[in-house]
Amino acid sequence: MPLTGIEIFKLLPKTNCRECGVPTCLAFAMNLAAGKAELASCPYVSEEAKAKLEESSAPPIRQVVIGAGEGALKIGGETVMFRHEKRFENPPGIAVLVSDLMEEPEINGRLARFKELRYERVGLLLKPELVAINNESGNTDKFASLVQKVASETDALLILMSGDAEALKQAGAAVKDKKPVLYAATKDNVDAMAALAKEWGCPLAVKGEGLEEVSQLTSKLTEAGLKDLIIDSSPSSFRKAWEDSILIRRAALVDKHRPLGFPTIVFANRLAQGLAQETIVASALIAKYAGIVVLSDFRGESLFPLLVERLNIYTDPQRPMATTEGIYEINGPNEDSPVLLTSNFSLTYFIVSGEIENSRVPSWLLVKDTEGLSVMTAWAAGKFSADTIGPFVKKSGIADKVRHRKLVIPGYAAAISGELEEELPDWQILIGPREAAYIPGYLKGWTPS
């Protein structure tokens, strides 16, 4: 059972040092109990208390890290059944499958698409993360050669697939520092797989025929000291995969059944015929609640919707996506270029900046911090008002970059123009379009005088 804020407070040093970022240890304890802080933020907690707190505050579904360094992928760590209850923590990884029985052109094509299919959206790079390498041939040398090829030609995180622990050891020795997923421990090879996973410190996938067998295997492995596990319940159909995914989540979160408290891996290619069906299966399982989804191949028309779906589901609903406040240069502006103003809601920023870029008119874009709210919402909340915009414009330094004193504000904020002129008496306030789509036409008629 998780500890309450008061129970956590009793284990803290009670120094009120503020080094955690809040005024008192009690406030920190309450934040820790609510999942709004991390124990590592307290530099003075004792080792004994740390052990108790880490155990009690561990999420019902263990967080597993795949890979090493900045490119590592975190999966699991979930605490709620539904996103609106709090948020989902770690987006699932998306993998493409390659086999050592495939012809070289097919392998090269899949790896090329893995590297090329990357998309910029609201300032983020959307891309797949993993390549699953299957020792389908049973030949260790072929398997090792393919592992080396994928590791040297891509930045992919790796899933090494073989039922033979010795084959995994020989083929994966050169990439063990990349902390690949070892797939998979079964009732027939669990001891050998456990030994290898422990030696390398790598995440281990556990494959069982149904949830009962999976629970038995994870229990055995955790007793042996292995904690970074990933579950494959071997569903025989999409319906079974859907049911298993929900049951695993519910068992871990609601029933506190520790043997199922791990992220999952699902092979969409085993549950569908053709990439179109795979995409539908993957889409459903990203929502409910896969930790890794493996597809047979990538195509832009199938991968991009999955990446956007994942982004939308795993965006914190309580925290709007925001762009950094400041001055943005678009199309190489100069001292006679127009100055436009908008909020720092990411979608607003990228729509407005995109339309300015499309106009080909060199421009300055001032982005005001509105805590991630859109122009209309921020205006209604008092975060996009004359008395906040005026000081921002003065402190931004834009006056040193332009000769004119004309500021274009969004049409939806026209009501603040009079007050803004009082805040900025040296500036002429111009009302821009209400819709971003009309910005290019508006800028075409711009004159600094």
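## A cavity to start with

I231, D232, S233, P235, A241, D244, S245, I248, T264, I265 and V266 line the second largest cavity. A cavity here is a set of points, on a 1 Å grid over the protein atoms alone, where a 1.4 Å probe fits but cannot get out, and a lining residue has an atom within 4 Å of a point. Strand 10 (229–232), helix 9 and strand 11 (265–267) are the elements that give two or more residues to this lining. Helix 9 supplies the largest share, four residues. (Helices are DSSP runs of H or I with at least four residues, strands are runs of E with at least two, and both are numbered from the N terminus.)

The second largest cavity holds about 80 Å³ of space, a volume being the space filled by probe spheres set on the grid points, which are joined across faces, edges and corners. Sorted by class, its lining has six nonpolar, three polar and two charged residues. For these classes, Ala, Val, Leu, Ile, Met, Phe, Trp, Tyr, Cys and Pro count as nonpolar, Asp, Glu, Lys and Arg as charged, and the others, Gly among them, as polar.

## What you are looking at

This is a predicted model, where local features need pLDDT of at least 70 and side-chain atom pairs count only at pLDDT 80 or more, while totals for chains, interfaces and linings use all residues. Residues are numbered from 1 along each chain as its sequence is written, and side-chain values use heavy atoms, with hydrogens and water left out.

The protein has 449 residues, and 49% of them count as buried. Buried means under 20% relative accessible area, exposed means over 50%, and partly exposed is in between (1.4 Å probe, protein chains only). The secondary structure comes to 16 helices and 17 strands. Along the principal axes, the C-alpha atoms fill a box of roughly 80 × 60 × 40 Å.

## The largest cavity

How many cavities of 30 Å³ or more does a search of the whole structure find? The search turns up three. The largest cavity has a volume of about 130 Å³. Its lining is made by 17 residues, and R249, P263, Y289, A290 and G291 are the ones nearest the centre.

Helix 9 (residues 238–253) turns up here too, giving the most to the lining with three residues. By class, the lining of the largest cavity has 10 nonpolar, five polar and two charged residues.

## A pocket and its salt bridge

Now for an open space. A pocket is an open set of points with protein on both sides within 12 Å along at least five of seven lines. The second largest pocket has a volume of about 730 Å³ and is lined by 29 residues, with L73, P91, L125, E129 and R310 nearest its centre. Strand 5 (124–126), strand 7 (157–161) and helix 11 (300–313) are the elements that give two or more residues to this lining. The class count for the lining is 17 nonpolar, four polar and eight charged residues.

E104 is partly exposed at 42% relative accessible area, whereas K149 is buried at 15%.

E371 and K383 also form a salt bridge with their side chains (3.4 Å, N to O). E371 lies in the loop between strand 15 (363–368) and helix 13, and K383 in the loop between helix 13 and helix 14 (386–396), so the pair ties together parts that are 12 residues apart in sequence. E371 counts as exposed at 53% relative accessibility, while K383, at 27%, is partly exposed.

Note on methods. Salt bridge = Lys/Arg side-chain N within 4 Å of Asp/Glu carboxyl O.
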